[in-house]
Amino acid sequence: MTSFRKTALHGALLALVLTGPALADDTPTTAGAVDRLKGLTNEAVGSAKRGVGNLTDDEAMKADGRDQKLRGQVQQERGKAKDAVENALDK
């Protein structure tokens, strides 16, 4: 892979990470919902990093993508737990 193409892929990934998904006005603002949304974002960015790492044969990028995806999964589970506690308290 050419250096230019590799740099372009890294730049596109960086733009994705920095901008992230825009939150709609009707997005739930409970702590659990926020954690779940952030977790989904981390999973998506982690998958993208792994894909770029695979395309560029960049082992560090692949490892970073795996780590970020795992952090996103943990963050989603934390959000589900917060929602469960909140729902239990509401009863």
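Biologist: Is Glu77 buried, partly exposed or exposed in this predicted model?
Modeller: Glu77 is placed in helix α3. Its relative accessibility is 47%. Buried means under 20% and exposed means over 50%, with partly exposed in between. Because 47% falls in that middle range, Glu77 counts as partly exposed.

Biologist: What distance separates the C-alpha atoms of Glu77 and Gly39?
Modeller: Glu77 belongs to helix α3. Along the chain, Glu77 and Gly39 are 38 residues apart.

Biologist: Which residues does Gln76 contact, leaving aside its neighbours within four places in sequence?
Modeller: Gln76 lies in helix α3, which covers residues 59-90. With a relative accessibility of 13%, Gln76 counts as buried. Leaving aside neighbours within four places in sequence, the contacts of Gln76 are Asp35, Arg36, Gly39, Leu40 and Glu43.

Biologist: Is Asp83 buried or exposed?
Modeller: Asp83 lies in helix α3. The relative accessible area of Asp83 is 16%. Since the cut-off for a buried residue is under 20%, Asp83 is buried.

Biologist: Which residues does Asp83 touch, not counting those up to four places away in sequence?
Modeller: Asp83 is a residue of helix α3. Residues up to four places away in sequence are not counted here. The residues that Asp83 touches are then Thr30, Gly32, Ala33 and Arg36.

Biologist: How far apart in space are Ala31 and Arg78, C-alpha to C-alpha?
Modeller: Ala31 has its place in helix α2, residues 31-56. Its relative accessible area of 43% makes Ala31 partly exposed. In sequence, Ala31 and Arg78 are 47 residues apart. In space, their C-alpha to C-alpha distance is 9.6 Å.

Biologist: Are α2 and α3 roughly parallel or roughly antiparallel to each other?
Modeller: The axes of α2 and α3 come within 7 Å. They cross at roughly 165°. Angles over 145 degrees count as roughly antiparallel. The two helices, α2 and α3, are therefore roughly antiparallel.

Biologist: How many nonpolar, polar and charged residues does the contact of α2 with α3 have?
Modeller: The crossing in which α2 passes α3 is left-handed. Sorted by class, the contact of α2 with α3 has 6 nonpolar, 14 polar and 14 charged residues.

Biologist: What is the phi of Asp57?
Modeller: Asp57 lies in the loop between α2 and α3. With 64% relative accessibility, this residue counts as exposed. Most residues other than glycine have a negative phi. Asp57 is not glycine, yet its phi is positive, near 55°.

Biologist: In what order do the elements of the protein chain run from the N terminus on?
Modeller: The protein chain has 3 helices and 0 strands. From the N terminus on, its elements run α-α-α.

Technical notes:
Residues numbered from 1 in each chain as written. Predicted model: local features only at pLDDT ≥ 70, side-chain atom pairs only at ≥ 80, totals over all residues. Heavy atoms only, no water. Helix = DSSP H or I, 4+ residues; strand = E, 2+ residues; numbered from the N terminus. Buried < 20%, exposed > 50% of the residue type's maximum accessible area, 1.4 Å probe, protein only. Contact = heavy atoms within 4.5 Å. Axes fitted to C-alpha atoms, helices over the stretch in contact; angles between N-to-C directions. Parallel < 35°, antiparallel > 145°, perpendicular 65-115°, else oblique. Left-handed = near helix turned anticlockwise from the far one by under 90°. Nonpolar A, V, L, I, M, F, W, Y, C, P; charged D, E, K, R; others polar.
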